[in-house]
Amino acid sequence: MPGLQNFISSMSKARGFARTSKYKVRITPPKELLDKEVFKQIDLHCNSISMPGHDMQAQDVQHGSAPGRQIVQSHDYNGTIAASFYLDSHMRERLFFEKWQKMIVNKSTHKASYYDDYIGTMEIFQLDGNGDITYGIKATEVYPTTIAGIEYAYANTNQIAIQSVNFQYRQWFNMTSDDIEGYSNS
């Protein structure tokens, strides 16, 4: 079967499929939070994360009586990056994101801080079977928008507590192929 042989050959060259369980995350918060001990633990405890998407913004254009067509006008990075983290017994991961959010809005005065003072970056990597990076993106101007609640139940005796966090970001770059002025993947 030529189709099957081509498929096997293709996968052999590619060294297999990408696995959604093979990933690495690096969150870099604002400088003020970099010194915190738990900062190093956050990346290790990332239980799941969503790779962000990219949208083409199109508009209907019609010339005379000809059928219309969609013409791209711009692009956007819609949505948020959803992640979840295993919590240690002191819930240090949750506390870390709470501190980050306190940098964004003062809970006493309800005033927002300057944007540049609370943004960070996030890198998400696809790993191969050997743990080597095969693909990576860097999201810029990242900050935690939502820290989800945690549901407790006596029936969950052996379950590890997990904290869901949604992050807002401005845009992302492919760390291996994008050649963008002013952007460095270092």
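Modeller: Happy to! The accessible surface of the protein chain is about 12800 Å², and carbon and sulfur atoms hold 49% of it (Shrake-Rupley method, 1.4 Å probe; for residues, only the protein chains shown count as cover). This is a predicted model, in which local features need pLDDT of at least 70 and side-chain atom pairs count only at pLDDT 80 or more, while totals for chains, interfaces and linings use all residues. Residues are numbered from 1 along each chain as its sequence is written, and side-chain values use heavy atoms, leaving out hydrogens and water.

The chain has five helices and nine strands (DSSP runs numbered from the N terminus: H or I of at least four residues, E of at least two).

Let's zoom in on glutamate 93, which lies in helix H4, residues 92-104. Glutamate 93 is buried but has no salt bridge (buried is under 20% relative accessible area, exposed over 50%, partly exposed in between, with a 1.4 Å probe and protein chains only; a salt bridge puts a Lys or Arg side-chain nitrogen within 4 Å of an Asp or Glu carboxyl oxygen). Arginine 92 has the nearest side chain of opposite charge, 6.7 Å away (Lys and Arg count as positive, Asp and Glu as negative; His and chain ends are not counted).

Leaving aside residues up to four places away in sequence, glutamate 93 touches Val38, Gln41, Ile42, His45, Tyr86, Leu87 and Asp88 (heavy atoms within 4.5 Å).
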